[in-house]
Amino acid sequence: MKKAFLFCMIMLCLTPAWSFTINYFAPSLFTTDMTLLNTRLGITGYQFEDFEDGILTPGLTITAAATISNGYTGSPQTTVHNGTVAPTGWIYSTSIASWSANQFCIYPQVVANFHTFSFDHGISSFGFGIAEIDDIGGPHVVMVNGQETTVVIENLPGFVRTGGRNMYIRVDAAPGEVLNSVGLKTVSSVESLFFSHLAFSENPAIGVVPEFNTISCLFIGFVTILIYLRKTSAFIR
Ligand SMILES: [Ca+2]
Ligand SMILES: [Ca+2]
């Protein structure tokens with residue numbers, strides 16, 4: 001019994017307490033003044049992917065998957081943008097759907113219920129503009145590192161259901177944490193979406209430094225083991 005309790009305590013301590021901050025920005029904040037816009041979105045100095053050239057930022061993968069069928073999708077299908085030049089028609093040009101100064105955005109081509117941005121190595125912050133939540137899809141839950149969050153795009157203040165801009169989302173990792181993927185998920189229906197003005201921020205220190213709480217827990221866990229073993233061996237003697 002004691003061993004089971006001890007094991008559970010140690011496992012709890014070894015489980016990282018991930019937490020992320022999800023920031024949202026309504027379409028009303030958009031301006032063609034990129035300096036001002038990036039300030040408003042908190043992405044000044046970030047690296048950007050604005051889809052001007054059909055080649056994704058190295059390390060970025062965009063996946064759109066339809067795992068349910070309805071009037072749009074007869075069978076499950078997936079599209080992966082892996083950094084190669086996109087076929088004609090995969091990059092669209094429309095000012096009302098773009099969150100950047102240029103008019104480009106990407107339409108993942110599959111009318112999907114899972115849209116995922118994945119990063120080859122962990123990053124500290126990621127922002128993306130959403131457009132074209134205008135149809136039957138949703139609600140769209142924000143996913144972080146493969147886990148559902150409580151943030152639903154359609155419930156955010158300032159959300160506009162339209163063929164234009166719906167919302168800009170920026171996910172920040174806390175010190176010692178990393179973002180491996182960010183996405184949108186619906187379970188009841190599929191929706192075509194446009195994405196634009198992807199913004200990345202990296203901190204080389206992030207991903208290699210455990211959280212203070214994790215370090216503390218590890219220390220407490222090992223001390224507990226030592227005390228337990230010491231008491232056990234004393235009892236045996
Ligand atoms: Ca590019
Ligand atoms: Ca749509």
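A residue is counted as buried if 20 or more other C-beta atoms lie within 10 Å of its own. In this predicted model, F51 has 28 other C-beta atoms within 10 Å and is therefore buried. F51 lies in the loop between β2 (47-49) and β3 (60-66). Its phi is near 60°, a positive value in a residue other than glycine.

**E132, a second residue with positive phi**

E132 belongs to the loop between β8 (125-131) and β9 (141-144), and its phi is near 80°. E132 counts as buried because it has 23 C-beta neighbours inside 10 Å. For context, most residues other than glycine have a negative phi.

Seven of the seven residues of β8 are buried, so the strand is largely enclosed by the rest of the structure. In a regular strand the side chains alternate between the two faces of the sheet. In β8, F126, F128 and I130 point one way, whereas S125, G127, G129 and A131 point the other.

Strand β8 runs antiparallel to β11 (residues 165-173), to which it is joined by seven bridges; S125 has D172 as its bridge partner there. Six bridges join β8 to β13 (residues 194-201), also in an antiparallel arrangement, and G127 stands opposite A199 in that strand.

**Nonpolar cores**

The largest nonpolar core comprises 40 residues, and those with the most contacts inside it are C105, F126, I130, F194 and F195. Beyond its neighbours within four places in sequence, F195 is in contact with C105, I106, F128, G129 and I130. A second, separate core has seven residues, among them A64, V111, A112 and V190.

Definitions and conventions. Residues are numbered from 1 along each chain as its sequence is written. Chains are lettered from A and ligands numbered from 1 in the order in which they are written. This is a predicted model: local features need pLDDT of at least 70, side-chain atom pairs count only at pLDDT 80 or more; totals for chains, interfaces and linings use all residues. A nonpolar core is a set of buried Ala, Val, Leu, Ile, Met, Phe, Trp, Tyr and Cys residues joined through C-beta atoms within 7 Å. A residue is buried if 20 or more other C-beta atoms lie within 10 Å of its own, exposed if 12 or fewer, and partly exposed in between; C-beta atoms are placed from the backbone. Two residues are in contact if their C-beta atoms, placed from the backbone, lie within 7 Å. Helices (H or I, at least four residues) and strands (E, at least two) are DSSP runs, numbered from the N terminus. Two strands pair if DSSP finds at least two bridges between them.
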